[in-house]
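Good morning, colleagues. Please take a moment to look at the model on the screen, and then I shall go through its fold, its cores and its ligand site.

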Amino acid sequence: MATEFTFAQVAEHDTKDSLFVVIDEKVYDISKFVDEHPGGEEVLLDVAGTDGTEAFEDVGHSDEAREILAKYLVGNLVRGPNDPKPAAPSRSANSSSAEPSSGGLPGIVYAILVAGIAAGGYYYLQLQQQQGSA
Ligand code: HEM
């Protein structure tokens, strides 16, 4: 079984000597990579012990960068109820996630809306008829 880390555990590794970062819900120990990073050590220290998904994706890292990253995988992140929400899924993660078909609304909300509009329309017609016959 893969090792699991909580955010609190990841946050303990926020120094150059022990530098963990979360990317796409996975935990990486990039301590040995800090000095080699073409983008410099400063940006890595900025995200040390935190979720660096957005920072990593914003740069548009190459596939090679992702391969390097894979070498430093140490486990999966487990989020507690009080932990921050995951960052927006990266392009590597969202390729298979289907959008809901009803324009972003969950099906049940959509169904209730449609039923409500239909009932309202029906009620309105009844009212018109009553007024017409009075
Ligand atoms: C966490 C693991 C990371 C790995 C393994 C990694 C790896 C790499 C690699 C291999 C490059 C060379 C260009 C490329 O192949 O895309 C690169 C460039 C760069 N990285 Fe990262 N990176 C990481 C995190 C970050 C983070 C969190 C930032 C934050 C902003 C960042 C900022 C940059 C920048 C600005 C460059 C461009 C440097 C230049 O071309 O002058 N990197 N990175």
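I begin at the ligand, where a polar side-chain atom of His61 lies 2.7 Å from a nitrogen atom of the ligand. Please bear in mind that this is a predicted model. A nitrogen atom of the ligand also has a polar side-chain atom of His37 at 2.8 Å. In total, 18 residues surround the ligand, and the closest are His37, Pro38, Leu44, His61 and Ser62.

Let me now turn to the overall fold. The protein chain has 5 helices and 4 strands, and their order along the sequence is β-α-β-β-α-α-α-β-α. Among contacts with a separation of 6 or more, 70% are between residues 24 or more positions apart. Of the 134 residues, 25% count as buried. The chain exposes about 9300 Å², and carbon and sulfur atoms supply 57% of that area.

How do the strands pair? S4, residues 73-78, pairs with S1, residues 4-6, in the parallel sense over 3 bridges; within this pairing, Thr6 stands opposite Val78. S4 also pairs with S3, residues 26-29, here in the antiparallel sense and again over 3 bridges. Two positions illustrate this pairing: Val27 stands opposite Gly75, and Lys26 has Asn76 as its bridge partner. S3 in turn is joined to S2 by 4 bridges, and these two strands run antiparallel. Phe20 has Asp29 in S3 as its bridge partner. S2 and S3 form a hairpin with 2 residues between them, and Asp24 in the turn has a positive phi of about 55 degrees.

Next, the interior. As a general point, nonpolar side chains in soluble globular proteins tend to be buried together. The largest nonpolar core here has 13 residues, of which Leu19, Val21, Ile23, Tyr28, Ile30 and Leu69 touch the most other members. Strand S2 and helix H2, residues 41-47, each supply at least two residues of this core. A second, separate core of 7 residues includes Phe5, Val22, Val27 and Leu77.

Which residues does Leu19 contact, leaving aside its neighbours within four places in sequence? They are His13, Tyr28, Asp29, Ile30, Ser31, Val34, Leu44, Leu45 and Ala48. Leu44 in that list is also one of the residues closest to the ligand.

His13 lies in the loop between helix H1, residues 7-11, and S2. With Ser18, the side chains are joined by a polar contact of 2.6 Å. Ala48 is 35 residues from His13 in sequence, yet the two C-alpha atoms are 6.9 Å apart in space.

To conclude, I would draw your attention again to Leu19, which is in contact with both His13 and Ala48, and to S4, which pairs with S1 in the parallel sense and with S3 in the antiparallel sense. Thank you; I welcome your questions.

Definitions and conventions:
Residues numbered from 1 in each chain as written. Predicted model: local features only at pLDDT ≥ 70, side-chain atom pairs only at ≥ 80, totals over all residues. Heavy atoms only, no water. Core = buried A, V, L, I, M, F, W, Y, C linked by side-chain atoms within 4.5 Å. Buried < 20%, exposed > 50% of the residue type's maximum accessible area, 1.4 Å probe, protein only. Contact = heavy atoms within 4.5 Å. Areas by Shrake-Rupley, 256 points an atom, 1.4 Å probe, with all protein chains shown as cover. Near = heavy atom within 4 Å. Polar contact = N/O pair within 3.5 Å; in protein donor to acceptor, adjacent residues only side chain to side chain. Pairing = 2+ DSSP bridges.
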